[in-house]
Every structure is written in structure tokens, then in C-alpha cells.
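Subject: A structure for you to look at

Hi,

Here is the structure I promised to pass on. Have a look at it first, and then read my notes below.

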Amino acid sequence: MRSDSETPIPAKSAVLARNLWKRFGATQALSGVGLELQPGEIRALVGRNGAGKSTLVSLLTGLVKPDEGEIIFQGEAAPRTSEPDLWQRRVACVYQHPKIVPALSCAENLFLSECMRRRRLVSWRAMRREAHEVLEKWGVDIDVDAAAGTLSVGQRQLLEIARALMRGSRFVILDEPTARLNGKEVEHLFAHLQTLQANGVAILFISHYLEEIFSLCQTVTVLRDGQKTLDSALQDLTPEMLIEAMVGPGTRVSGASSKAAASPGSGPESTPIQARAAPPDSPADPAQLEVRDLTCRGLFEDVSFEAHAGECVGITGLVGSGKEALGEALAGLKTWNAGSVHLGTHSLPGGDVAFHNRAGIGFVPQDRHREGLVLGLSVAENATLAVTDCLGSLGFVRPSARERLATRMIQLLGIKVASPAEPVSALSGGNQQKVVLARALAREPRVLVLIQPTSGVDVASKETLLSCVRQVAAAGAAVVMISDELDELELCDRVLVIRSGHLTREFERPFSPRELVAEIEGVTL
Amino acid sequence: MSSSALSASTHRPLRALLVKRGTMALAPALVALIIVGAVTNEAFLLPANWITILQQSSVLALLVLAESLVLISGKFDLSLESTVGLAPMIGAWLVSDASLGGSGLLWNPFVAIAVTLLVGVVIGVINGFLIMRLRLNAFIVTLSMLILLRGITLGLTSGKTLYDLPTAFTYLGSAVWLGIPASVWISGALFAVGGGFMRYHRYGRAIYAIGGNAEAARAAGIRVERLTWVVFVVASLLSALAGLLLSGRLGAVTAQQGSNLIFTTFAAAVIGGISLNGGKGSLLGAVAGVLLLGIVTNILTLSQIASFWIDATFGAIILVAQCLNRLTGGERSQD
């Protein structure tokens with residue numbers, strides 16, 4: 001490792017984690033992962049969603065206790081997880097959403113836990129002076145009296161880093177710090193990190209942007225399915241090798257070389273949207289769903305695509321690429337600034353879920369607990385929530401009609417439940433997600449829009465859910481699958497990649513996962 | 001749904017059933033109270049006494065109905081008690097002679113009744129606008145409205161009580177139909193309609209969904225803002241009606257009419273199993289809560305216990321009810 005030459009002779013690692021195992025319920029989140037950082041090392045931690053990155057961070061910051069394995073900070077065993085104070089003096093994590101109190105001044109935020117611990121009364125003058133010293137020492141140019149809420153995202157991150165260093169931590173984890181920064185702020189952050197590095201601070205840097213990783217970090221650890229697949233100095237690697245470690249070897253989608261995939265190195269928008277090779281419907285058939293130049297300012301722009309009957313279109317991109325917003329716009333949860341959405345010959349207005357639903361759009365929202373289910377209500381009610389107008393006359397809901405429809409959906413999706421009257425909160429995650437899908441299918445939609453439909457779902461339920469989506473498409477509906485899971489994208493006929501709110505490229509099945517991930521991450525192979 | 005709910009619940013312990021059904025949970029308490037009442041006072045079981053209980057509960061019942069709707073939708077309305085005062089006050093002011101503190105306009109009492117109800121609607125529209133459109137905090141908005149409306153009520157007649165009201169204006173509150181006060185019939189009927197609506201109508205179920213998870217309701221195509229706004233309007237309208245019945249029974253409108261009633265309203269709703277977090281509870285349970293408080297008041301009054309102690313008893317009952325809820329593993333209590 002490059003940093004080896006820079007560290008003092010009795011090299012005690014800033015952090016050394018050995019053989020970490022962690023299981024949550026049915027999922028093995030981490031299997032024997034190790035990690036070592038020397039003082040002054042910037043190491044990248046890379047992996048796709050669900051690879052175990054956040055579990056590893058939770059273990060390294062003492063939020064969660066490992067089932068097995070040990071963590072050593074500068075030669076000392078890590079404190080117990082019941083002592084967050086001690087952890088804070090050894091390691092700090094800066095999350096995407098900064099953990100500060102917006103209404104308090106920067107100085108107060110710096111000393112928030114300190115003045116709780118040390119002093120009975122707060123000496124404002126001393127606190128401001130010390131805050132000033134701390135910020136100066138670590139080269140952070142922020143007014144100590146400014147309310148922390150008025151700082152930019154980048155400044156808040158620097159404030160948080162300074163707070164961590166002030167507490168004595170010499171190991172900092174940055175969890176996707178650049179996702180919400182603009183180009184100049186990223187440069188500023190990187191310059192700051194390099195200063196810290198020169199002062200012997202070890203940094204674990206998590207990012208989806210591989211270019212940043214190559215420009216900032218010296219070493220990299222790659223996780224896949226809870227296992228370490230790569231641990232190496234970055235100078236020996238190419239982006240291709242990194243992606244291979246993230247996605248896995250070989251070709252999981254049969255016949256990995258497609259027309260789209262056969263043009264590597266091409267920039268955005270290089271692959272024109274082509275007519276499908278052998279569509280089940282004749283090309284003259286109008287599209288079931290036609291999206292034209294759709295723009296939601298700040299979220300996505302000029303998005304155009306079509307989905308035909310029986311076709312499954314995948315849309316994928318990084319967090320913050322605008323893919324979820326696009327799905328919500330199609331479902332009627334968002335209004336748009338420009339463009340149009342046509343369902344057959346109907347034009348959809350946007351911003352009216354009931355109208356979109358009646359026009360024939362079924363919607364599986366992103367987060368089943370936040371938007372998908374009313375946990376206190378029964379399975380039957382949740383499954384029929386969007387179609388209560390069809391279950392009786394004059395707006396009254398006939399319990400028998402509701403039960404009949406719910407029972408049919410329960411059988412169709414294989415929902416494991418004692419009775420339709422059971423509260424949905426009693427179900428397992430997989431079965432809950434099936435209820436959300438049931439709600440989306442209750443009106444027999446012509447277009448089914450799904451956002452991450454199998455996230456956090458067990459393997460068996462995942463299979464059922466996906467095969468049900470396939471059946472819906474086979475029955476003549478168009479499916480729009482918004483996802484970043486390869487398993488979900490594999491069943492799509494085409495996959496569109498969205499980056500920073502623009503559709504950049506289209507892959508036709510069969511496609512190579514590596515090409516796809518490279519396009520998502522925005523690197524050229 | 002009910003048939004399968006029963007079949008499903010046979011697998012479960014009795015406790016789960018009691019917790020699930022807000023109404024059933026209070027049945028043992030009601031029975032116990034009736035036994036206590038019968039033992040301590042021989043007049044308790046007489047039909048006349050029961051009519052008194054029902055009549056005295058009828059106004060509270062309407063308020064509890066109103067508040068329950070708002071609570072189930074996941075919101076809050078404190079201003080109902082001031083609406084109970086202001087709405088009939090404006091009506092009475094319009095029909096009263098200037099020498100009695102009224103406007104001297106001497107409007108037709110039927111028009112005045114319509115205006116009374118309209119005042120309720122207008123208050124509900126304002127509440128809904130501030131809370132759902134401007135997204136202000138429901139607690140603060142309705143607390144301010146409570147104070148503001150009470151102030152207007154006092155100011156309108158300089159704190160005077162309006163009496164000697166036209167019979168047409170007091171009819172609903174004082175009439176007796178088939179041996180039972182009209183106000184009892186009205187409250188009962190509205191509860192029946194409301195209960196059926198909340199249980200079997202799509203908008204009723206939508207209100208439960210909104211209170212349970214507004215985001216999920218929105219994603220299912222329910223017009224959350226509009227429907228909640230309507231709930232505020234209906235609640236204020238019911239309060240105006242409650243105020244009209246109360247004035248009718250008393251034959252007068254005092255400037256303090258309805259004062260402090262909101263506490264009893266919340267007490268009855270909470271005892272009846274309506275969740276302050278929204279989305280849970282049944283109107284049948286709320287009725288049981290009203291009856292429970294009515295019977296307790298009646299027993300204490302018959303036993304000639306000083307009225308000060310009635311308030312203390314109410315407070316104790318709420319606490320005991322909540323503790324029992326928690327101990328029986330009730331999900332209804334606040335989490």
C-alpha cells in the first residue's frame with residue numbers, strides 16, 4: 001500500500017477489522033469481512049445496494065454489535081456498543097444527511113456533547129473561542145456564530161468532520177458525501193480531505209461515483225452479497241475490474257453481447273432508441289404508454305420513452321438520478337412542468353393519483369411502510385384501497401365484495417394470511433409487499449409502474465412477485481420497472497438508464513450487467 | 001368482513017378480541033357501573049333516570065362524534081367547544097330583542113337556525129383552510145380558534161346571556177318525541193349514520209386510511225387534503241348543532257356555553273378507544289365512552305357527591321382506562 005511508506009515505523013493501523021460476521025433475521029448481511037486502514041490512508045468502500053456497506057459502517061461505528069469478529073482502533077480493542085461516547089472518540093461517520101441541530105450555532109453544534117459532559121454552566125465566550133480554534137486548526141472556514149441550518153451541505157459536512165476530529169477521532173467514514181454536492185463543492189471537500197490525510201487521518205470513503213474514487217483514494221475494498229470480493233491498491237486497477245468485483249464474474253443474463261452492449265466506450269445518447277426486433281404486437285400498434293419530453297424541474301428533464309402492451313421496460317440509475325421521481329410522476333403523485341404522458345389515446349394530467357389510477361395505471365410505491373400500506377387496516381382493505389368505488393353502489397363498500405376481491409388477490413399472489421380481515425401489520429415483509437402489488441393490480445391496470453418492488457423482501461416472495469409481474473405483462477399490460485436491482489432489471493425487455501435526470505442510454509435484452517452498471521455509474525469501460 | 005373477523009378471532013385469546021373491538025372493551029366496565037348504580041341508588045334503574053342520562057349525554061355525544069371523525073383522520077380540533085357557544089349565540093342574537101341583549105333584528109327563527117349551522121360550516125372551512133392548505137399545526141390553529149371564537153361570543157353580547165328565545169329556535173333541544181327527548185333521537189340517529197358511513201362507505205374507510213398513513217392513502221388515489229378538510233367542516237357543523245340543542249334545552253345561550261367541554265369530549269373519545277394518533281377506533285366505541293361518562297356522572301349526582309369530585313373522577317377514569325389498555329397489550333394507546 002502506498003500509504004505504508006508515509007506512516008511512522010511502529011505502524012499501528014488506524015482501524016483493523018477482522019473477520020466480521022453479521023446476520024439480520026434471514027439475511028446474512030456480512031460474511032467474514034475484514035478491513036484495515038493505516039493513518040493517512042483514504043480507502044474507498046464500494047458495492048451495489050445491499051452489498052453490506054451500511055452494515056459494515058454500522059459495525060465500524062459501534063451502532064451494531066458483530067456476531068463474530070473484532071475491531072481494533074490504533075492497537076486497542078473497540079469499546080462495547082453500549083458506550084457510544086467511547087466510540088465517538090475513535091470513529092465518526094458523516095452521513096449523506098448531516099447530523100447537526102440546524103437551529104443552533106456552529107459553535108454549539110461542535111460542543112454539543114462536550115458541554116453536556118464537562119461543564120455545569122456554558123461559558124459562551126470560551127465556547128466560541130474554542131470553536132474558532134478548532135475550525136481554524138482543521139482549516140474550516142465557517143462563521144462560528146452562524147446557525148448550522150444556514151450552512152451549505154458541503155460546509156455542514158466539514159463541520160461534522162471537524163467535530164469528529166475535535167473529539168479525538170482519527171478515523172472518519174464518509175457515506176456518499178458527494179451525492180448532494182456540486183462540482184466545486186466536491187473539489188473543496190477533496191482538497192480538505194487531502195489535508196486531513198497529510199495530518200494522518202484515515203478516511204473510509206463510500207461513493208457510487210467511480211471517477212471520484214479513482215481521483216481521491218489510494219486503496220479500495222469491494223463488497224458483494226456481504227463478502228469482500230476485492231481489496232487492493234487502486235493504481236493497479238481499471239474501472240472494469242472494479243465493476244466486475246461489484247457485479248460478479250461471468251454473464252448472468254444469457255448471451256451477454258447485445259447490440260447495445262456491443263458499442264462500448266460510447267458516450268451518453270449514443271445508442272438511438274431502436275424499434276424492438278420482434279415485438280409481440282406489430283410495430284404499427286400504438287404504444288400503451290407514451291412519455292414525451294417529460295420534465296419535472298430539478299428532478300428529471302426531457303424524458304421520452306414508450307412502453308408497449310406486453311412489454312416490460314426497466315428504468316435504472318443511481319440514487320438521486322430522478323428515477324423514483326419519474327415513477328411517481330407516472331403514478332400521478334407529482335405534477336410536471338412540461339411534456340406529456342399518454343395512456344393509449346388518453347392524456348394524463350399529472351398530480352392526480354385517482355385519475356391516473358382510473359385511467360389504468362397501477363402503482364407500487366417505493367417504500368411500503370411509508371407509502372404502500374396502512375398498517376392498522378386489514379389485508380382486505382389495503383388490497384382494495386384504490387378501488388373502493390367499484391365495490392358497491394352509492395360509494396358504499398359491500399364487505400362481501402371487498403372480501404371476494406381480496407380473496408382473489410390473495411390467491412393470485414399467494415399471500416400467506418389466515419384471513420383477509422387480518423391486520424396487514426401482522427404479515428412478513430414479503431407478504432406485505434404482495435399486498436401492495438395486489439392494490440396496484442386490483443383495477444387490472446393497463447400500465448403497471450413499480451419502484452424497487454422487491455427491496456427488503458425474502459427470496460421466495462421475490463420470486464413470486466417477479467413472476468407475477470411477468471404474468472401481468474404476458475396478459476397484455478405494459479410494465480415500467482424502476483429499480484437498481486439486477487434481478488429485477490433482468491426480466492425487462494429493455495432497460496433505460498437515467499443519469500442526473502436525463503435518459504442516457506437504452507439496453508436491449510439480453511444485456512451485460514457489467515455494461516449496464518458501468519453506464520449507471522457513469523464510467524466508460 | 002365481520003363474519004371472517006369473528007371466525008379469525010376464535011383462534012385468538014379473548015384479550016385480543018377485546019383489544020380489537022373498542023366497543024367490547026368497555027362493555028364489562030359499563031355492566032359493572034350499572035350494577036354499582038343499581039346497588040347504591042334505587043332510583044338509578046328507573047326509566048326516567050335513564051332518559052335523564054341520555055339527554056344529558058346527547059350534546060356531549062354529538063361533540064364526541066365530531067371529534068372522533070377528526071381524530072380518526074389523524075388531526076385535532078380543539079375549537080369545537082367554542083363553536084358550541086358561538087354558533088347558537090349568533091342565531092339567538094339575530095332573533096332576540098335589543099332590550100334583551102340581542103341585535104333587535106328579530107329574524108325568523110328558522111333562518112336563524114340555518115345561520116347557526118352555517119356558522120359551524122364557515123368555522124370548519126376556516127380550520128380546514130389553515131390546517132390543510134396553509135399546513136399550519138392543527139393544535140395551534142384550533143387552540144387559537146378556540147380563544148378567538150370564545151372572545152367573539154363574549155363580545156357579541158358583552159358577556160350577557162340571551163334568553164326568552166322563540167319556541168321554534170329552542171324546539172329541537174326541548175321537544176320530546178315518543179317519550180324520549182328529540183336531542184337523544186338526533187344524536188342517536190347521527191351516530192348510527194356516522195357509524196355506518198365510517199364502516200361501510202368508501203370515504204369513511206378513506207378517512208381511516210388517511211389517519212393510518214396519509215402517504216399510503218395519497219398513493220392509493222385518495223384525495224387526502226380535500227377529504228380531511230371536509231371532515232373539519234362536518235365536525236364544526238355537528239358542534240353547531242350540538243350548541244343549538246344545548247341552548248334549546250336550557251332555553252338560553254350563555255356566553256360561556258360549551259366552555260371546558262372539549263376536555264370531556266377528548267376523555268370520552270379516548271376512553272372509547274379512538275386513537276389520538278389517527279386511523280384507529282370505532283364510533284360505537286366512542287358512544288360507549290360517552291355513556292360511561294354519563295353513567296358515572298349520574299351515579300355521583302344521585303349519591304349527592306359534590307360536583308367538584310366529578311371532575312376528579314373523570315381524570316382518574318381516563319388514566320385507569322389508558323393503563324388497562326397498556327396492560328392488556330392494547331395497541332390503541334400511544335406509542
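Two residues are in contact if their C-beta atoms, placed from the backbone, lie within 7 Å. On that basis, 32 residues of chain A are in contact with 26 residues of chain B. On the chain B side, helix 10 gives the largest share, seven residues. By class, that side of chain B has twelve nonpolar, eight polar and six charged residues (Ala, Val, Leu, Ile, Met, Phe, Trp, Tyr, Cys and Pro are nonpolar; Asp, Glu, Lys and Arg are charged; the others, Gly among them, are polar).

Please keep in mind that this is a predicted model: local features need pLDDT of at least 70, side-chain atom pairs count only at pLDDT 80 or more, and totals for chains, interfaces and linings use all residues. Residues are numbered from 1 along each chain as its sequence is written, while chains are lettered from A and ligands numbered from 1 in the order in which they are written.

Chain A contains 18 helices and 20 strands (DSSP runs, H or I of at least four residues for helices and E of at least two for strands, numbered from the N terminus). Of its 525 residues, 48% are buried, meaning that 20 or more other C-beta atoms lie within 10 Å of the residue's own, with C-beta atoms placed from the backbone.

Now to helix 5 of chain B, residues 80-95. All 16 of its 16 residues are buried, so helix 5 of chain B is largely enclosed by the rest of the structure.

Enjoy exploring!

Notes
The expected span of a helix is 1.5 Å times one less than its number of residues. A residue is buried if 20 or more other C-beta atoms lie within 10 Å of its own, exposed if 12 or fewer, and partly exposed in between; C-beta atoms are placed from the backbone.
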